[in-house]
Amino acid sequence: MTAEQPLAELTTRDVLLQLDRRMSLVEEDVRDLDAKLDSKFDALDAKLDTKIDALDTKFSAKLDNGLGALDNRLSRRLDALDARLDTKFHLLIGLLLTSWLSTMAAVLLK
């Protein structure tokens with residue numbers, strides 16, 4: 001039995017050392033894979049940021065052009081509406097003065 005005990009301890013120790021070595025290799029592989037994935041994700045993130053910035057610039061330019069044209073159209077229509085309102089206001093004032101004068105003339109001449 002004494003001859004078997006050192007052999008059993010040596011075998012258990014060898015197995016544990018082998019497991020430790022294999023775990024170390026797996027951990028190194030996982031670290032390498034993690035580093036590779038991080039670099040790929042960083043590259044994809046940078047590429048996505050570039051595309052988003054390009055789309056934002058393109059969208060802003062189109063929006064500015066569209067808003068400028070819309071602003072011009074609205075300005076023209078508001079000017080036309082303002083002119084019509086001025087005309088209607090002057091007509092209304094003229095009618096009020098005329099009716100007031102005719103009322104005063106009827107009261108005074110009667």
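Predicted model: local features only at pLDDT ≥ 70, side-chain atom pairs only at ≥ 80, totals over all residues.
**The whole chain**

The protein has one helix and zero strands. That helix, H1, covers residues 4-109. Along its principal axes, the C-alpha trace spans about 150 × 30 × 5 Å. The radius of gyration is 45 Å, whereas a compact globule of 110 residues would have a value near 13 Å.

How much of the protein counts as buried? Of its 110 residues, 0% do. The accessible surface comes to about 10,500 Å², and carbon and sulfur atoms account for 64% of this area.

**Arg31 and Glu27**

Select Arg31 and Glu27 and show their side chains. Both residues belong to helix H1, where they stand four residues apart, about one turn of the helix. Side chains of opposite charge can pair when their charged atoms come close. Here the side chains of Arg31 and Glu27 meet in a salt bridge, with 3.8 Å from N to O. The count for the model comes to one salt bridge.

The two partners may also be viewed against the surface. Arg31 counts as exposed because its relative accessibility is 52%, and the cut-off for that class is over 50%. Glu27, at 40% relative accessibility, counts as partly exposed.

**The negative patch**

Now select Asp34, Asp38, Asp42, Asp45, Asp49, Asp53 and Asp56, which form a negative surface patch. Keep Asp56 highlighted for a moment. This residue has its place in helix H1, and its relative accessible area of 46% makes Asp56 partly exposed.

For the charges of the whole protein, colour the positive and negative residues separately. There are 16 positive and 20 negative charges, and their mean positions are 18 Å apart.

**The nonpolar patch**

Move along to Phe89, Leu92, Ile93, Leu96, Leu97, Trp100, Leu101, Met104, Leu108 and Leu109. These residues form a nonpolar patch on the surface, and together they have about 1,100 Å² of accessible area. Leu92, one of the members of this patch, lies in helix H1. Is Leu92 buried, partly exposed or exposed? Its relative accessible area is 47%, so Leu92 is partly exposed.

**Val107 and Asp64**

Val107 counts as exposed, since its relative accessibility is 58%. Val107 and Asp64 are 43 residues apart along the chain, and their C-alpha atoms are separated by 63 Å.

Note on methods:
Residues numbered from 1 in each chain as written. Heavy atoms only, no water. Salt bridge = Lys/Arg side-chain N within 4 Å of Asp/Glu carboxyl O. Helix = DSSP H or I, 4+ residues; strand = E, 2+ residues; numbered from the N terminus. Buried < 20%, exposed > 50% of the residue type's maximum accessible area, 1.4 Å probe, protein only. Patch = residues over 30% accessible without salt bridge, like charges linked within 9 Å, V, L, I, M, F, W, Y side chains within 5 Å. Areas by Shrake-Rupley, 256 points an atom, 1.4 Å probe, with all protein chains shown as cover. Lys, Arg positive; Asp, Glu negative; His and termini not counted. Charge placed at Lys NZ, Arg CZ, Asp CG, Glu CD. Rg over C-alpha atoms; globule rule 2.2 N^0.38 Å.
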